[in-house]
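Please read this note beside the sequence and the 3D view. It takes the ligand site, a pocket and some backbone details in turn.

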Amino acid sequence: MAAGGFVDQGGSRQYEGKVTVYVLITCFVAAMGGLLFGYDLGITGGVTSMEPFLIKFFPSVYKQMKGETGNDSTYCKFDNELLTLFTSSLYLAALVASFFASTTTRALGRKPSMFLGGLFFLVGALLNGFAVNIAMLIIGRLLLGFGVGYCNQSVPVYLSEMAPASLRGALNMGFQMAITIGIFAANLINLQTAKQEKGWRISLGVGAVPAVCMCVGALFLGDTPNSLIERGQNEGAKEMLIKIRGTDKVDEELRDLIDASEAAKMVKHPWKNIREPKYRPHLVFCTMIPLFQQFTGINVIMFYAPVLFQTLGFGNNAALVSALISGGVNMVATLVSIFTVDKFGRKILFLEGGCQMFISQVAVGIMIATAFGVKGQGSFSKVEADALLSLICIYVAAFAWSWGPLGWLVPSEICPLEVRSAGQAINVAVNMLFTFLIAQVFLSMLCYMKFGLFFFFAGFVVIMTIFIFALLPETKGVPIEEMNVVWRSHWLWSKFVPEDNKANA
Ligand code: BGC
């Protein structure tokens, strides 16, 4: 074996190298993309529960909330499609953008995609902060959506490619960590601005600050060795490898990356390709993982926690404080994942998280059913309200160390180069599609399904936990270009991924 690599007991190749300061800095800047995404996820829930904002842009919702429209079921207080469109339109735009982003990321590199993403965020946040009519509001949201599409497509790929295999999980999770910090920051800012008449402008406009950091950072970042090779710059790739691995012994890794890239170039149509049988596991996971991630129901909490808590009788301030608490739990629990994912692996986190989410969702459903019944009339005592908040925190914690980070990590690390951009684009698009759907229909679903909604999501959690148990092989510590080893030893995927498939190795 040439200098710089060896084969471990599991048959996968390991390369030399440590975590360098350079890698950490690049990951920090790249993670700004996650921060921006999180900020946009977290900000609307609070803003849409602010009265001055509703009066200015959504007067009909305001009337409905005040009970002036005749529907007195608690479950239906905020059921309004225009209001949900304000939240959900962003994810629709992100869906469209993720496909363009896939081409940019492949043809021009990961860096330009990140820069463009930052720029969209910047303009979107400014338009929203200065909005004088609903058109500015919606156009701003659409631009933010483009930002999300571009950043979510490129940042996870960037992080996976920069990180040494042994730490790929933890570094990649910097992305999720940043998402949760963004959500928490949004909750915190909402709590402050809710007290001011024009506070919503600050809430929506502050997103411009991380957007500037992202743009400036992306200008100075280097691109990944994989991307440089993909664009024929092998020398540059070697220099970058030396820099990020902190050793001169990178020949082995470089050669493998070049081999993988050459094999990938023979593949002219990644979109057609990924439908070939040998990419079946990749296609299945890049589609099902984001779908299931959204069907955990997490965004019901992330988008609508303040509205949900108000619906359940919490006062305006209590609702925002509760959202802040669950946002804090989300952030801290993500750390658990960061520190355990490369030690215990992905699967155990998925399975434990699934069980914990199921139990807490069923308990939340029962509590709401008992207090409000089918008619949606009733209230929580202080003790019950605290118990409900605790259950929601237990649920959020479970998501935060399982499906939250792993929902982005696993799809980004399983795809070989030739289908990586396509796989990641599918992942982002499916994620955005279902984020959009849930954002759009949640308030109506709550109105019609009432407490049953929580049982609905609990049912999905059972299905996805079985899915992971049966179909996902462990990918912990396997170098990204060596992933085929794990498919070949799986009872189902070995039927699709042939032994001699050099294009993947
Ligand atoms: C999901 C988001 C979710 C967030 C919560 C992310 O992984 O993609 O939809 O709002 O986690 O932390």
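The numbered points below go through the structure by topic.

1. Basis. The model is predicted: local features need pLDDT of at least 70, side-chain atom pairs count only at pLDDT 80 or more, and totals for chains, interfaces and linings use all residues. Residues are numbered from 1 along each chain as its sequence is written, and side-chain values use heavy atoms, with hydrogens and water left out.

2. Ligand shell. The ligand is surrounded by 13 residues, and the closest are Q176, Q293, N299, N330 and W408 (a residue is near if one of its heavy atoms lies within 4 Å). At least two residues each come from α7, α14 (280–295), α15 (298–311) and α19 (403–414) (helices are DSSP runs of H or I, at least four residues, numbered from the N terminus). The largest share, three residues, is that of α7.

3. Shell composition. Eight residues of the shell around the ligand are polar, five are nonpolar and none is charged. In this count Ala, Val, Leu, Ile, Met, Phe, Trp, Tyr, Cys and Pro are nonpolar, Asp, Glu, Lys and Arg are charged, and the others, Gly among them, are polar.

4. Oxygen atoms of the ligand lie 2.8 Å from a polar side-chain atom of Q176 and 3.0 Å from a polar side-chain atom of W408. For G404, a polar backbone atom is 3.2 Å from an oxygen atom of the ligand. The ligand taken alone exposes 310 Å², and the protein buries 100% of that (accessible areas by the Shrake-Rupley method with a 1.4 Å probe).

5. Largest pocket. Its volume is about 270 Å³, the space filled by probe spheres set on grid points joined across faces, edges and corners. A pocket is an open set of points on a 1 Å grid over the protein atoms alone, where a 1.4 Å probe fits, with protein on both sides within 12 Å along at least five of seven lines; lining residues have an atom within 4 Å of a point. Of the 13 lining residues, C27, F28, A31, G174 and M177 are the closest to the centre. Two or more lining residues come from each of α1 (21–47) and α7 (168–193). The lining has twelve nonpolar residues, one polar and no charged.

6. Backbone. Which residue follows α16? G345 does, with a positive phi near 95°. K450, a residue other than glycine, also has a positive phi, near 55°, and is found in the loop between α20 (417–449) and α21 (452–471).

Key
A polar contact is a pair of N or O atoms within 3.5 Å; within protein, one must be able to donate a hydrogen and the other to accept it, and residues adjacent in sequence count only if both atoms are side-chain atoms.
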